[in-house]
Amino acid sequence: MSDLETFRADTRKWLQANYPAGLGQVSLDDDDDSIWGGRRAKHKNKDAKLWLDRMAEKGWTAPTWPKDYGGGGLSPAEARVLQQELGRIKARPALMSFGLWMLGPVLLEYASEEQKREYLPKIVRGEIRWCQGYSEPGAGSDLASLRTRCEDKGDHFLINGQKIWTSYADKADWIFCLVRTDTSKKHEGISFVLFDMTTPGVEARPIKLISGSSPFCETFFTDVKVPKAQLVGKLNGGWEIAKRLLQYERQNISSGGFGGGGGVELEEIAKSYVGEKDGHLADADLRARIAAHRMEAKAFALTVRRIEEEAKAGKTVGPAVSIIKYAAAKLNQERCELMVEAMGSQGLGWDGEGFKPSEIAATRSWLRSKGNSIEGGTSEVNLNVVAKRVLGLLDHQ
Amino acid sequence: MSDLETFRADTRKWLQANYPAGLGQVSLDDDDDSIWGGRRAKHKNKDAKLWLDRMAEKGWTAPTWPKDYGGGGLSPAEARVLQQELGRIKARPALMSFGLWMLGPVLLEYASEEQKREYLPKIVRGEIRWCQGYSEPGAGSDLASLRTRCEDKGDHFLINGQKIWTSYADKADWIFCLVRTDTSKKHEGISFVLFDMTTPGVEARPIKLISGSSPFCETFFTDVKVPKAQLVGKLNGGWEIAKRLLQYERQNISSGGFGGGGGVELEEIAKSYVGEKDGHLADADLRARIAAHRMEAKAFALTVRRIEEEAKAGKTVGPAVSIIKYAAAKLNQERCELMVEAMGSQGLGWDGEGFKPSEIAATRSWLRSKGNSIEGGTSEVNLNVVAKRVLGLLDHQ
Amino acid sequence: MANLTEEQSMLRDAAKSWVAEKSPVTAFRKMRDSGNADGFDRAVWKEMCEMGWAGILVPEDFGGSGLDYLTLGLVLEETGRTLTASPLFSTALVATSALLLAGNDAQKKAWLRKFAGGEALGALAVDEAGHHAPERIALKAAKSGSGWTLTGRKVFVLDGGMADVLIVAARTSGKAGDKDGITLFLVPGDAKGLKRTKLKSVDSRGVANLEFANVEVGAGDVLGTVDHGFSTLDAVLDRARAGMAAEMLGQASQSFDITLEYLKTRTQFGQVIGTFQALQHRAAKMFTDLELARSCVEAALIAIDRGANDVAQLCSLAKTRAGDVCHLVSNEMVQMHGGIGMTDAHDSGLYLKRARVQEATYGGSSFHRDRYATLMGY
Amino acid sequence: MANLTEEQSMLRDAAKSWVAEKSPVTAFRKMRDSGNADGFDRAVWKEMCEMGWAGILVPEDFGGSGLDYLTLGLVLEETGRTLTASPLFSTALVATSALLLAGNDAQKKAWLRKFAGGEALGALAVDEAGHHAPERIALKAAKSGSGWTLTGRKVFVLDGGMADVLIVAARTSGKAGDKDGITLFLVPGDAKGLKRTKLKSVDSRGVANLEFANVEVGAGDVLGTVDHGFSTLDAVLDRARAGMAAEMLGQASQSFDITLEYLKTRTQFGQVIGTFQALQHRAAKMFTDLELARSCVEAALIAIDRGANDVAQLCSLAKTRAGDVCHLVSNEMVQMHGGIGMTDAHDSGLYLKRARVQEATYGGSSFHRDRYATLMGY
């Protein structure tokens with residue numbers, strides 16, 4: 001039996017013994033704090049806490065990170081086996097965390113030994129919940145134009161400014177934050193710092209979206225004192241780290257979140273609201289548009305699969321990957337538009353009597369989907385990137 | 001009875017007496033040379049020649065031009081009445097001519113008295129057929145980058161270079177031509193000259209289009225000697241004249257030519273090729289797309305009418321006019337695409353057996369329509385103009 | 001812009017300045033946040049009535065000014081610009097049209113003067129499910145003595161929760177799907193057996209679901225002729241569609257103007273974003289669609305005023321083209337504003353939400369493309 | 001690009017270099033201008049056969065290499081890039097598939113070896129009017145003695161004028177519109193009573209109309225089973241659609257590459273036009289659609305090879321997505337080239353014309369969207 005098969009067998013055995021029977025499953029967007037961890041997590045669900053602790057103990061919340069930093073130290077192959085085994089028993093994720101997805105990978109690459117030993121294990125164990133301080137009101141697509149000032153006061157940094165779209169800033173313990181340490185340069189004047197959200201002068205205000213409440217916050221910094229040891233990488237060397245981290249974030253946005261169109265399929269909902277005629281959707285015009293959309297969704301799904309297979313085959317990632325974010329946003333927006341159109345006036349409720357929860361949910365999703373082509377890089381920027389990096393077209397002079 | 005009513009009555013009487021009975025009507029795109037006049041016109045149709053001569057005698061081929069230059073000297077109001085009366089008897093146009101539509105108006109504005117007396121009457125009488133020497137292989141949308149050299153040789157100009165898209169260069173007697181008289185400046189180095197196409201060194205080669213033969217030519221100038229008296233306006237002052245002339249040309253392209261979608265309507269053709277089901281076009285998908293197109297065509301027609309009514313009411317021309325060329329091109333291309341799609345494989349013949357003339361004509365029109373968004377200002381340039389002139393957006397820095 | 005009479009221009013200008021002054025979007029936002037379930041502000045409505053807008057279509061004998069649909073359309077376009085929520089549409093346009101088209105003297109006397117004076121509100125109750133389908137009416141009206149008994153439901157009735165009188169399309173014979181057998185009734189808003197549920201719609205306008213449980217009405221409450229109400233209903237709907245199109249045109253124009261302004265001020269990458277050609281072309285195309293939509297809306301209103309024979313086609317055309325441009329511009333407004341456009345604090349969302357409700361009301365583009373093709377014989 | 005076997009990669013690369021060297025667009029243009037009515041160059045076809053392409057699907061016992069559809073698709077993609085007109089599609093893919101799916105030993109023996117060796121050409125005759133409608137077959141096959149008599153017509157048959165054997169879908173019972181009652185026949189190209197008219201199609205490929213006047217065939221010429229030919233026909237058509245999609249993918253990719261190159265070299269207003277953002281975004285969107293189309297084409301071919309149960313959906317998907325991107329790119333190729341793209345001397349027109357013919361062949365997007373929705377149950 002190969003090492004990998006041994007590992008699979010051991011893993012399966014361990015899961016049988018350690019996956020809390022009472023836990024069951026949960027959808028990925030579930031916001032139960034026990035899944036996000038952090039100092040303020042209430043862990044109402046004891047099984048969830050148990051599951052997190054057991055996985056963290058083996059370092060399997062971060063399977064491929066080195067054991068020295070609390071990770072699982074698994075090879076990519078072993079990590080894939082672990083994923084498969086977790087999938088086989090439909091295990092609920094032990095921990096969801098920006099620390100795992102975004103910060104950890106760049107710390108491994110850019111942080112000092114001390115910083116790695118300080119921050120990574122707490123991420124693995126879900127002790128510290130992180131948020132991302134990137135966008136500012138004046139720095140959206142053009143992130144590098146950020147203005148949040150970070151001044152060197154000798155024994156510490158002093159930070160003043162404002163961030164926006166800081167997801168869960170109101171729930172996070174610490175923030176990884178882009179700040180301006182040199183106003184004379186653009187990209188070369190940015191640094192990457194970490195600090196505690198309970199530091200005096202930090203205030204987070206939740207943002208209400210057109211779709212209702214959201215995890216996003218406006219975050220204000222007024223004379224926030226930050227120990228200099230919490231600078232990651234070089235002073236004014238933060239842009240490179242920032243970009244690398246964005247790659248991890250985009251992978252995250254593309255893969256998860258939207259696209260595909262889960263739940264009950266569009267055509268089924270359309271049938272129930274619009275009715276049928278000789279086995280076809282009664283509204284032929286809507287039917288043709290739904291078919292066109294569903295075919296594009298299928299083409300997209302096949303493309304994602306193709307990219308994964310190419311990756312598995314160890315090929316260098318093809319150009320197709322560059323269009324995923326743009327295509328996924330477009331598709332999800334079309335899907336949501338068709339969904340509310342299919343529901344007619346039942347898809348136009350905000351809340352209260354007269355509308356089913358599923359109808360209200362569809363309406364909110366439709367509104368929320370408008371952000372898909374803005375967050376994590378606007379579609380305009382995506383298309384610029386494809387035109388320049390992939391197609392080799394030049395900038396306008 | 002008002003003067004205008006008197007004029008209407010007289011006109012009607014004159015037309016009854018002078019419109020050749022045998023002439024009947026003709027479609028505007030008819031290429032019978034008797035309609036285009038010129039030295040080489042054969043005038044196979046004697047009635048057509050008679051009609052031209054009678055109209056020219058009254059100056060009604062150029063109704064609003066001053067009598068001194070052979071025009072009709074009519075007021076705009078009288079000219080409209082004349083149009084109405086000609087329309088009432090569905091009179092065939094007496095003369096079609098770039099001289100009337102494009103050159104004449106700018107000569108009236110920019111030419112010397114001698115030039116007006118020399119050229120205008122011959123245009124009115126259809127004695128000289130003109131062509132337009134504007135575009136060059138390297139100067140399309142960016143017309144002002146034209147390179148055709150015109151050197152001052154003391155007693156004459158010497159012209160060397162090449163023009164393209166010169167409509168009817170192979171049939172015209174004279175050309176109005178943009179030439180470069182100063183290579184150190186762009187717009188300020190262009191002059192507007194007239195010369196005889198029989199001058200030694202002028203060669204016109206017809207261009208074959210993707211849709212087959214066309215009126216367009218490539219026109220080559222090799223050491224063409226042009227008398228200096230044939231310069232219109234100032235030396236290096238041609239760009240202003242060129243732009244003014246383009247306005248007349250665009251009016252011409254917008255109003256006539258494409259849009260509306262004459263002949264048998266799309267839906268009727270679709271019915272005959274696709275068939276019907278419970279009174280509807282059998283292909284519901286195509287039906288929805290045809291309906292969407294026909295509604296846009298109707299919206300366009302209503303917009304043209306609105307602009308005309310606003311103009312009649314003496315209002316300053318609204319911004320709507322700026323979108324006419326772009327919208328007309330888009331519409332005609334959509335219409336042609338739907339037409340060949342509706343005909344199926346019968347719309348995919350080039351010539352010969354198996355296809356009706358109407359089918360071949362549809363295929364050729366479809367191919368020809370691809371030029372609508374290129375000729376007389378590309379759609380991209382149209383949109384730039386709307387964005388900048390109408391919407392007040394600025395150039396990229 | 002069509003050529004207007006002096007009177008029309010004056011009313012349009014009056015509306016323009018009143019809206020800017022008395023009914024900016026902030027007013028609508030305040031009304032929304034106050035949780036006002038009526039979906040409009042009574043004080044504002046009073047002002048509108050004082051300006052005579054409620055009586056634009058009402059003949060002078062009934063206290064109105066007896067003007068035309070183009071005039072009312074111009075006012076609706078202006079109020080649409082700032083999302084002004086008021087009974088102007090349902091009372092002064094829809095209900096008034098129904099009475100003008102089919103009402104007898106008694107009925108006109110009973111309601112038109114009150115409508116014009118702002119003392120009563122009216123609403124049209126037609127659809128019974130999520131999708132507009134006027135011929136699928138099933139709400140039953142059974143003869144009982146000299147009068148009728150109504151049983152069934154109506155959904156998403158605009159201003160249905162507030163109306164003093166409801167114009168209810170009911171089935172007096174035949175079955176859902178038949179155009180024959182439909183009759184219009186005038187039903188008091190407080191009729192016994194009528195349950196009205198005010199809905200919280202996404203655009204915060206006043207809509208309600210209505211439940212009819214043996215609602216008794218008299219013979220005199222039949223609007224028009226029994227069993228032959230469909231043609232009247234269709235004519236009323238076309239007027240409603242043209243008016244809604246005018247409102248959408250105003251909204252789309254306004255959201256386009258707001259977006260254009262943002263394109264000229266927002267800076268990214270050291271450039272005003274309006275200098276990016278891809279955005280310029282998208283803006284120019286929106287402008288093109290807006291100009292085309294304007295022509296359709298004006299043509300539909302003028303056709304109604306002239307009693308032209310292509311009113312139906314033109315109203316479907318106007319509803320579709322205005323709806324489509326409203327759809328496009330409301331999406332682009334959010335996208336071109338970026339993140340800020342996604343926040344509830346920004347107006348983009350208000351325009352987006354209102355747009356979708358209007359698109360669906362009295363038939364979406366899909367419905368009207370089909371209707372247009374059918375009317376044109378294919 | 002899907003993960004290929006070594007053999008597939010080799011064949012793909014061989015095709016790529018052969019096409020570049022032996023069959024550039026100039027070759028197709030020369031063939032067209034020569035007025036060659038066959039629609040292909042026999043010498044070129046001979047070379048293609050020598051490379052074994054004609055026998056890619058043919059089992060080794062019949063002189064082929066018994067490879068799969070993905071492999072043939074890769075070659076078609078490459079030949080599509082330069083509009084190579086050859087019998088590869090109709091003979092090596094369509095006719096061969098028909099025999100593989102329904103042919104008996106005698107029939108396979110009779111034709112497959114000849115196909116693989118380039119000694120015979122085949123063609124599928126299905127449609128009888130301008131629009132693809134396989135179940136509407138009316139061409140009558142009447143029993144006569146031990147054989148059958150065929151009467152009727154077929155239109156726009158690809159390579160129908162050259163084929164040595166025609167696979168003819170005929171009606172042996174039922175009426176046009178019934179799926180039952182369709183039978184496939186093998187008919188010699190020179191059969192008595194068969195009139196073949198070569199057409200001058202817009203894309204200069206070899207197509208013909210066929211008139212059947214009491215054409216006699218024997219009992220042994222029935223391909224598959226009498227009255228139950230539709231399922232075979234549909235399977236053959238799906239293979240044809242996937243292959244056509246592969247060809248279109250190659251063409252669209254090539255015309256996109258040519259256009260992209262032009263965007264990088266053509267200068268106007270002192271700028272390479274490829275620096276204009278509006279064109280950049282249009283190019284990026286075309287690229288997106290090309291990547292999506294590639295995934296569909298490969299998935300369809302692989303599904304055929306695996307005998308998956310969603311072959312029909314995937315082939316309709318591939319035909320639609322490849323057709324739509326071919327449509328878009330062929331239009332943009334002309335537009336982005338400007339005036340020069342309108343001239344017959346430029347290749348834009350050739351790609352545009354070929355694109356529309358392929359889009360229509362074996363069902364356009366409208367046909368396949370409807371089919372896809374029906375297959376998915378709505």
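# Helices and loops of the model

Biologist: In which loop of chain A is A:His187 found?

Modeller: Helices (H or I, at least four residues) and strands (E, at least two) are DSSP runs, numbered from the N terminus. A:His187 is found in the loop of chain A between strand 4 (174–180) and strand 5 (190–196).

Biologist: What pLDDT do local features need here?

Modeller: Residues are numbered from 1 along each chain as its sequence is written, while chains are lettered from A and ligands numbered from 1 in the order in which they are written. This is a predicted model, where totals for chains, interfaces and linings use all residues, side-chain atom pairs count only at pLDDT 80 or more, and local features need pLDDT of at least 70.

Biologist: What pLDDT does chain C average?

Modeller: pLDDT is the predictor's confidence in each residue, from 0 to 100. The model scores ipTM 0.93 and pTM 0.92. In chain C, 100% of the residues score at least 70, and the average is 97.

Biologist: Is A:His187 buried, exposed or partly exposed?

Modeller: A residue is buried if 20 or more other C-beta atoms lie within 10 Å of its own, exposed if 12 or fewer, and partly exposed in between, with C-beta atoms placed from the backbone. A:His187 has 14 C-beta neighbours inside 10 Å, so the residue counts as partly exposed.

Biologist: How far apart are the C-alpha atoms of A:His187 and A:Gly237?

Modeller: Along the chain, A:His187 and A:Gly237 are 50 residues apart.

Biologist: Which residue is 9.3 Å from C:Asp180, C-alpha to C-alpha?

Modeller: C:Asp180 has its place in the loop between strand 4 (165–171) and strand 5 (182–188) of chain C. With 12 other C-beta atoms within 10 Å, C:Asp180 is exposed. The residue 9.3 Å away is 51 residues apart from C:Asp180 in sequence, and its name is C:Ser231.

Biologist: What is the phi of B:Lys90?

Modeller: Most residues other than glycine have a negative phi. B:Lys90 lies in the loop between helix 4 (76–88) and helix 5 (98–110) of chain B, and is exposed, with 10 other C-beta atoms within 10 Å. This residue is not a glycine, yet its phi is positive, near 50°.

Biologist: How many residues of helix 1 of chain B are buried?

Modeller: The expected span of a helix is 1.5 Å times one less than its number of residues. For the 16 residues of helix 1 (residues 3–18) of chain B that gives 22 Å, and the end C-alpha atoms are 22 Å apart, which agrees. Helix 1 of chain B is hardly covered: among its 16 residues, the count of buried ones is 1.

Biologist: How many residues of helix 9 of chain D are buried?

Modeller: Helix 9 (residues 311–337) of chain D has 27 residues and should span 39 Å; its end C-alpha atoms are 38 Å apart, which agrees. Just after this helix, D:Gly338 takes a positive phi of about 70°. Helix 9 of chain D is mostly covered, and of its 27 residues the buried ones number 25.

Biologist: Are helix 8 and helix 9 of chain D roughly parallel or roughly antiparallel?

Modeller: Axes are lines fitted to C-alpha atoms, for helices over the stretch in contact, and angles run from 0 to 180 degrees between N-to-C directions. The axes of helix 8 (residues 277–306) and helix 9 of chain D come within 8 Å and cross at roughly 155°. Angles under 35 degrees count as roughly parallel, over 145 as roughly antiparallel, 65 to 115 as roughly perpendicular and the rest as oblique. Helix 8 and helix 9 of chain D are therefore roughly antiparallel.

Biologist: Is the crossing of helix 1 and helix 4 of chain C left-handed or right-handed?

Modeller: Helix 1 (residues 6–22) and helix 4 (residues 69–81) of chain C pack at an angle of about 15°, with their axes 9 Å apart, and are therefore roughly parallel. A crossing is left-handed if the near helix is turned anticlockwise from the far one by less than a right angle, and right-handed if clockwise. Helix 1 of chain C passes helix 4 of chain C in a crossing that is right-handed.
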